[in-house]
Amino acid sequence: EFPGSVAIMKLNIAYPVTGANKMIDITDPKILSIFMDKRMSSEVAIDALGEEFTGYVAKIGGGNDKQGFPMKQGVLVPGRVRLLLKEGSSCYRTRKDGERRRKSVRGCIVASDISALSLIITKKGDAEIPGLTDVTIPPPSWPQA
């Protein structure tokens, strides 16, 4: 990263096989262009992130824009919309029975005003990524209900 520069986007990369995840800040718009105009749950080759990511493919899991509004699957716009959400909807938690509320959510298309993007690695590349594919995090040990 460049000293004194601000991050344009945070990438939270998860590797479900080991249970590990890693947050990286990206400041270069050329690197971020591989995600632009892609939809949630679409798969992207992440070779542009660096040498260690060569051959890796990741699925876009979601994200938040600069004001903190979450991306919602199925809303096919790159900007923000206000939807009437009810119990069971993503991006909303009901407080009473039968409650519905109009909330602002982002569309599922990645645009330049996204501040955090969640990626899930679906295909492993050749090299190991330090702190992501070379460590194994044990599953939680609390009682399973």
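User: Does Leu84 count as buried, partly exposed or exposed?

Analyst: In this predicted model, Leu84 has its place in strand 5; strands are DSSP runs of E with at least two residues, helices are runs of H or I with at least four, and both are numbered from the N terminus. A residue is buried under 20% relative accessible area, exposed over 50% and partly exposed in between, using a 1.4 Å probe and protein chains only. The relative accessibility of Leu84 is 42%, so Leu84 counts as partly exposed.

User: What mean pLDDT does the protein chain have?

Analyst: Some ground rules come first: residues are numbered from 1 along each chain as its sequence is written, and in this predicted model local features need pLDDT of at least 70, side-chain atom pairs count only at pLDDT 80 or more, while totals for chains, interfaces and linings use all residues. Side-chain values use heavy atoms, with hydrogens and water left out. The pLDDT is the predictor's confidence in each residue, on a scale from 0 to 100. In the protein chain, 94% of the residues score at least 70, and the average is 91.

User: What percentage of the 145 residues count as buried?

Analyst: For a sense of scale, the C-alpha trace spans about 50 × 45 × 30 Å along its principal axes. Within the chain of 145 residues, the buried share comes to 32%.

User: How many salt bridges does a search of the whole structure find?

Analyst: A salt bridge here is a side-chain nitrogen of Lys or Arg within 4 Å of a carboxyl oxygen of Asp or Glu. Glu128 and Lys124 form one of them, at 2.8 Å from N to O. The search of the whole structure brings the number to five.

User: Which residue meets the side chain of Asp65 in a salt bridge?

Analyst: The pair has an N to O distance of 2.9 Å. It links distant parts of the chain, 15 residues apart, with Asp65 in strand 4 (residues 57-65) and its partner in strand 5. Asp65 is buried because its relative accessible area is 1%. The partner is partly exposed at 39%, and its name is Arg80.

User: Is Arg106 buried or exposed?

Analyst: The side chain of Arg106 meets that of Asp113 in a salt bridge of 3.0 Å, N to O. Asp113 is partly exposed, at 30% relative accessibility. Arg106 has a relative accessibility of 0%, so Arg106 counts as buried.

User: What is the relative accessibility of Asp37?

Analyst: Asp37 lies in the loop between helix 1 and strand 3 (43-45). Its phi is near 65°, a positive value in a residue other than glycine. Asp37 counts as exposed because its relative accessibility is 67%.

User: Near what value is the phi of Cys91?

Analyst: You will find Cys91 in the loop between strand 5 and strand 6. Cys91 counts as partly exposed because its relative accessibility is 29%. Its phi is positive although the residue is not glycine, with a value near 75°.

User: How far apart in space are Gly55 and Asp126, C-alpha to C-alpha?

Analyst: Gly55 belongs to the loop between strand 3 and strand 4, and its relative accessible area of 24% makes it partly exposed. In sequence, Gly55 and Asp126 are 71 residues apart. In space, their C-alpha atoms are separated by 6.3 Å.

User: How far apart in space are Leu84 and Ile109?

Analyst: Along the sequence, Leu84 and Ile109 are 25 residues apart. From C-alpha to C-alpha, the distance in space is 20 Å.
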